[in-house]
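Me: I want a close look at one side chain in this model and at what surrounds it. Please set it against the rest of the fold, and keep it brisk.

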Amino acid sequence: MSSIALALYNERYYKQLENYNLPEEMVHFTDSPLPAIHKSKQDQERFPVVIVYDEVPVGFFVLHGWNGVQTYSDNKQALLVRGFSIDSGYQGNGIATKSMQLLPRFVKEYFPGKDEILLAVNHKNRQAQHVYMKSGFIDKGKRIMGPKGELHLYHLDITL
């Protein structure tokens, strides 16, 4: 049986992430992992996370602390998901949904004291919106303009 897990990024994943492919329609909405990893090295509040499928890195995102959250919320105990993506060769297998379902436990383990996960998704990115809603995120109706258009802010309370 195939397994999906979340792991904090470390250098052993770098070589495999060099071959990471995003479908053309996703390039408009998110960065590939390597630029995000480089940004994380410059900002101590950015924590790259690798989605691992059968021990192969197939997805990626960054958890961003207060410096990222404050644009969207006044909750200092929240984390913001940035740059979520699944390699094009692995899309359509439920990996995105499963990884988002694993996220609350992952955050509680590695970031104790955090009580909410936020993410901003482009209003045109219906596929991602579906994944996030299916994973328990709630759209409370807050909208904000981003560099690529209107963003919907989604919330996930992890206090339970």
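Where is His 155 placed, is His 155 buried or exposed, and which residues does His 155 touch?

Reply: Two ground rules come before the details. This is a predicted model, so local features need pLDDT of at least 70 and side-chain atom pairs count only at pLDDT 80 or more, while totals for chains, interfaces and linings use all residues. Residues are numbered from 1 along each chain as its sequence is written, and side-chain values use heavy atoms, with hydrogens and water left out.

Start with the residue you asked about. His 155 sits in strand β7, residues 149–157. Strands here are DSSP runs of E with at least two residues, helices are runs of H or I with at least four, and both are numbered from the N terminus. His 155 counts as buried because its relative accessible area is 12%. The cut-offs are under 20% for buried, over 50% for exposed and partly exposed in between, with a 1.4 Å probe and protein chains only.

Now its partners. The side chain of His 155 makes a polar contact of 2.8 Å with that of Glu 116. A polar contact is a pair of N or O atoms within 3.5 Å; within protein, one must be able to donate a hydrogen and the other to accept it, and residues adjacent in sequence count only if both atoms are side-chain atoms. Setting aside residues up to four places away in sequence, His 155 touches Glu 116, Ile 117 and Leu 118 along with Gly 136, Phe 137, Ile 138 and Lys 140. Contact means heavy atoms within 4.5 Å.

Next, the nonpolar interior. A nonpolar core is a set of buried Ala, Val, Leu, Ile, Met, Phe, Trp, Tyr and Cys residues joined through side-chain atoms within 4.5 Å. The largest one has 27 residues, and Phe 61, Leu 63, Phe 84, Leu 103 and Tyr 132 touch the most other members. Helix α5 supplies the largest share, six residues. A second, separate core holds 13 residues, including Tyr 13, Tyr 20, Val 50 and Phe 60.

Charged pairs are next. There are four salt bridges, each a side-chain nitrogen of Lys or Arg within 4 Å of a carboxyl oxygen of Asp or Glu. Arg 143 pairs with Asp 139, with the closest N and O atoms 2.9 Å apart. Both partners are partly exposed: Arg 143 at 34% relative accessibility and Asp 139 at 25%. Another bridge joins Arg 46 and Asp 43 at 3.4 Å, N to O. Asp 43 is buried, at 17% relative accessible area. Lys 15 and Glu 18 form a bridge with closest N and O atoms 3.4 Å apart. There, Lys 15 is exposed at 61%, while Glu 18 is partly exposed at 38%.

Ser 40 lies in helix α3, residues 33–42, and is buried at 10% relative accessibility. Leaving out residues up to four places away in sequence, Ser 40 touches Arg 46, Pro 48 and Val 62. Asn 21 lies in the loop between α1 (14–17) and α2 (24–27). At 44%, Asn 21 is partly exposed. Its contacts outside four places in sequence are Ile 86, Asp 87 and Ser 88.

Last, the whole chain. It has six helices and seven strands, running β-α-α-α-β-β-α-β-α-β-α-β-β. Of its 160 residues, 48% are buried. Among contacts between residues at least 6 apart in sequence, 62% join residues at least 24 apart. The radius of gyration is 15 Å, which agrees with the value near 15 Å for a compact globule of 160 residues. That radius is taken over C-alpha atoms, and the globule rule is 2.2 Å times the number of residues to the power 0.38.
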